[in-house]
Amino acid sequence: MARRGLVVAVALAAAAWLPAAARAAEPPNPWPDAAAAYLVRIDGVERWAAAASTRQKPASLTKILTALLVLEAVAPTAEVVVSARAARADGARIGLAAGMRMRVADLLTAMLLRSANDACLALAEHVARSEAAFVAQMNARAVAMGLKDSHFANACGFDAPDHYASARDLAVIADTALAQPAFADIVAREQGTARTRDGRVFRFDNTNVLLGRVDGARGVKTGWTKAAGRCLVGFAQRGNTRVLVVLLGAPDRWWDAVAMLESAFDEARGSRVPAPSSTAPAPR
Amino acid sequence: MCPSRFVRAPAVHRSLPSLAFALLFAASAALAQPGMGQQTKTFKIGGPDELWDVTMKMEMPGMPMAMPAQTYQSCLKKDRKGEDTIPQQENCRTTDVRTVGNKVTFAMECTGKDPMTGRGEITSTPTSYDGKMQVKSTRRGQEMEMTQTFSGKKVGACTDESEKFIANAKSAGDSQLAKICGDSMEALQFELFTGKDAVCVSQRKAFCDKVGGLGRDMREPATFKAVVAKASMDYVQGSFRACNVNFAETSKAACSKALSAKDWAFVGNGSCDDDVRTAGPTYCQGRDYYLVDRSLTSLCNRYARLTRGAGAVAGAGEPAAPGATSTKGNAGAPQASAPGTTTQTVPTPAAPKADPVQQGVDALRKLLPF
């Protein structure tokens, strides 16, 4: 009992010290209510963040890593046969049927723009024969990238106790994926199509509504699950300035992502616009 | 013309106002002879003048190795004086020059980044000369002494063309400068016209007349946009400031017109923030971002930028935003919810935030043996 009391006392003292220490290491947090965790990077340098190293549910942002592994493993023109298991995938899907034959590039487009879980599973199974084997590859790749706060239990972002990632790790994954021209090309599209070998065409809009609405927006990916909340990795480039935002558990992700992107570009050009501090009601 | 005009290695001139100086410097450096760089010939062989071979050497006590001698050729005017053999340096002036018979004595004083003083003497015949100069300087608080020796030998005939060379270099510099100033006026690069040592300062009035005209013309949103697209907002604002033209008035007038015309792309461009705050509640407030009409995104993006963040009450009093969706909700994997994004409204609790007390406990559990 006395030992427990000591732990609590010292813990309280440490708690008083920790936030100050954290403040010294972490970038400023001008959007304290925006998300469970977020990160804004300007030209690769962290500018604003909150809880960026905490382990969160990444939802479909997981598919960024999935796409990266697929592109590293197989050619975009390779043909995939959709399995019965993939065709039964839950959540967002485009309605694939077992036995359909499709190009990797089409499945990637469906997975990244529509967040289609059927396309995601079909790709994972194509690359590693089983989702479990693919997930092992994902975790090995995460370790290789030096990600300390990420672990994946499935290929597509379903909530699970041992499925998590930090905002900081997701920024690294997104950067690595965006360096792949095929990936960058797909996530920049506002609409997509996916064709089966026998001529069936699926058409869908990108769930990332920043495209076409924010000057310079070039992707990347949305995510949502009940446990994760609304998530987003957004990327925009104006001139030579590149801004990446990661929001996890962000109730109002679009408005906040827009505010972060616009603030970041203002910051980058040394704007004299006052820092966000207005008392006017915020848009939703 | 002096037989051994030389300059120190040129300093790096980074700022544009130094351009004029740099151009003139380039002309004089082209005449520079020994030592630091490639010699540029400013004479041709044969003619009325005298061709000399010159050797120069610098010795510094304490240097482990002697510096190699530098040699070059120089063309002296036939009617040269004895003191023309004194080495010349940038930022240096020669004083106390005395000629007695065939001997010239002199003092030298250099200012600038590396100030130094020196005294020297040169003894010459019609076909040769020998000289020596003692130099004292202070670098980083340390006094240094050097001895410079130099000698010359007449080896033939030449025609000195250095004056023509200088004239050509100056003419090239002038035309380059004219082009730079013309381009810079178009781009509103105000530093080149209004800074203290601005390279185009002679055109300052013309520049500010132009900016004054923009102060009137840019009250039209279309002109405003065109000017900013060409010169960038930073240069526009800097030019107005440098020429004491009121940018706020011009901008306000343009914004007012744009607001009346519902030119939202203009209103949201960053120059009309008062108008953004006025219009934002009507056109952006309380709407889902993805339902905002695309013609309004510039306005609403700016409104979000101005109103969300530290100090703003994010979303207070607003109805809950529609959730991201899933065509099949969360049915499916046990203990797992499915990632998706469609239309079902689901209030989404944010993930729990880090608790500092728990962090402290966790940290101590790692550190302490209990």
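Which strands of chain A does helix H9 lie across? Keep that in mind; the tour comes back to it.

**Start with the whole chain**

Select chain A. This is a predicted model. Chain A has nine helices and nine strands. Of its 284 residues, 54% count as buried. Now think about which residues touch. Among contacts in chain A with a separation of 6 or more, 60% join residues 24 or more positions apart.

**Colour by confidence**

Colour chain A by pLDDT. The average is 89, and 86% of the residues score at least 70. Next, select residues 1–24 of chain A. Here the pLDDT is below 50, and the stretch has 21 contacts in the model beyond near neighbours in sequence. Then jump to residues 271–284 of chain A. There, too, pLDDT stays under 50. The model gives this stretch 51 contacts beyond four places in sequence.

Show strands E2, E1, E9, E8 and E7 of chain A. In that order, these five strands form an open sheet, and their pairing is antiparallel. Find the edges: strand E2 (45–50) and strand E7 (217–225) of chain A each pair on one side only. From one strand to the next, the twist averages 5°. Strands of a sheet pair through backbone hydrogen bonds.

Zoom in on one pair. Select strand E8 (residues 229–238) and strand E9 (residues 241–248) of chain A. Seven bridges join E8 and E9 in the antiparallel sense. Show A:Leu232, then look across to E9(A): A:Leu247 stands opposite.

Now for the opening question. Select residues 253–268 of chain A, which are helix H9. Helix H9 lies across strands E1 (37–42), E2, E8 and E9 of chain A. Against E9(A), helix H9 runs at about 150°.

**Finish with two helices**

Select helix H2 (residues 62–73) and helix H4 (residues 104–113) of chain A. How do their axes cross? The axes come within 10 Å and cross at roughly 170°. An angle over 145 degrees counts as roughly antiparallel, so H2(A) is roughly antiparallel to H4(A).

Show the side chains at the contact. From H2(A), pick A:Lys63, A:Ala67 and A:Val70. From H4(A), pick A:Val104, A:Leu108, A:Met111 and A:Leu112. What kinds of residue make up this contact? Six are nonpolar, one is charged and none is polar.

Technical notes. Residues numbered from 1 in each chain as written. Chains lettered and ligands numbered in written order. Predicted model: local features only at pLDDT ≥ 70, side-chain atom pairs only at ≥ 80, totals over all residues. Axes fitted to C-alpha atoms, helices over the stretch in contact; angles between N-to-C directions. Helix = DSSP H or I, 4+ residues; strand = E, 2+ residues; numbered from the N terminus. Parallel < 35°, antiparallel > 145°, perpendicular 65-115°, else oblique. Contact = placed C-beta atoms within 7 Å. Nonpolar A, V, L, I, M, F, W, Y, C, P; charged D, E, K, R; others polar. pLDDT = per-residue confidence, 0-100. Pairing = 2+ DSSP bridges. Buried ≥ 20, exposed ≤ 12 C-beta atoms within 10 Å, placed from the backbone.
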